[in-house]
Amino acid sequence: MTYLQFVIVFLILPIGLLSFATVRWLKGKGRRPYTVSAYSIPGALALISTIAFVYTTPWDNYLVAERIWWYDPEKVIGVIGYVPIEEYAFFILQVLMTGLAVVLAIMMFGPSKTSKLARPSWVYRVVSVGIIAAIWSAMFFVEQSGIITDR
C-alpha cells in the first residue's frame with residue numbers, strides 16, 4: 001500500500017463520510033446545539049489544522065533526518081525537506097477527521113439549549129467510551145492480523 005492509498009482510504013474517505021453526516025445532521029435539526037453554536041466549525045478546524053501543521057513539520061523533518069523513522073521512497077509521491085508529501089497532507093487531514101468526529105459527537109450526544117443537564121449524562125459517557133473502545137479494538141485487530149502490510 002502506498003502512502004497516498006493510505007491517506008485516501010483512512011483519511012479522505014472517513015472525512016467525506018463525516019462531512020456528509022455532519023451536514024445531514026445540521027439540515028435535519030435545523031440549527032446547531034448549544035455547545036457548538038458559538039463557534040465556526042470550519043474556522044476552528046482550519047485553525048487547529050494550521051497549528052498542527054506548523055508544529056509538526058519541523059518535528060517530523062528532524063525525526064526523518066535522524067533516521068528515527070523512515071519511509072520507502074518507492075511508496076511516496078515525493079519529498080519536501082526530508083518528509084513525504086503525503087505526510088504533510090496527513091498533518092492536516094488527521095486533524096480534520098478527528099475534529100469532524102468530535103463535532104458530530106457533540107451535536108449528536110451533547111446537551112442542547114433546552115437541556116437542563118449541567119454535564120453529560122451517563123448514557124453519553126458510556127456511548128463515548130464504547131465508541132473509543134471499538135475504534136481501539138478495530139485498530140488493534142487490524143495491526144495484529146496483518147491485514148495491512150507494507151510488503
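Mentor: The following account begins with the pocket and then turns to the helices beside it. The model is a predicted one, and the values below are computed from it. The largest pocket holds about 1,600 Å³ of space. Its lining is made up of 38 residues, and those that lie nearest the centre of the pocket are Phe-6, Phe-10, Phe-90, Met-97 and Met-139. Sorted by class, the lining comprises 28 nonpolar residues, together with five polar and five charged ones.

Let us turn to the elements behind this lining. Two or more residues each are given by helix H1 (3-29), helix H3 (85-109) and helix H4 (122-145). Of the elements, H3 gives the most, with eleven residues.

Two of these helices, H1 and H3, also pack against each other, with their axes 9 Å apart and at an angle of about 30°. Because angles under 35 degrees count as roughly parallel, H1 and H3 are described as roughly parallel to each other. The crossing in which H1 passes H3 is left-handed. In the contact of H1 with H3, 23 residues are nonpolar, three are polar and two are charged.

Finally, consider the aromatic rings. Nine aromatic pairs are counted when ring centres must lie within 6.5 Å. In the pair formed by Phe-6 and Phe-10, the ring centres are 5.1 Å apart and the planes stand at 40°, so this pair is tilted. Phe-6 and Phe-10 are four residues apart in helix H1, which means that about one helical turn separates them. Both residues were named above among those nearest the centre of the largest pocket.

Methods: Residues numbered from 1 in each chain as written. Predicted model: local features only at pLDDT ≥ 70, side-chain atom pairs only at ≥ 80, totals over all residues. Heavy atoms only, no water. 1 Å grid on protein atoms, 1.4 Å probe; cavity = no way out; pocket = protein on both sides within 12 Å on 5 of 7 lines; lining within 4 Å. Points joined across faces, edges and corners; volume = space filled by probe spheres on them. Nonpolar A, V, L, I, M, F, W, Y, C, P; charged D, E, K, R; others polar. Axes fitted to C-alpha atoms, helices over the stretch in contact; angles between N-to-C directions. Parallel < 35°, antiparallel > 145°, perpendicular 65-115°, else oblique. Left-handed = near helix turned anticlockwise from the far one by under 90°. Phe/Tyr/Trp six-rings, centres within 6.5 Å; stacked < 30°, edge-to-face > 60°.
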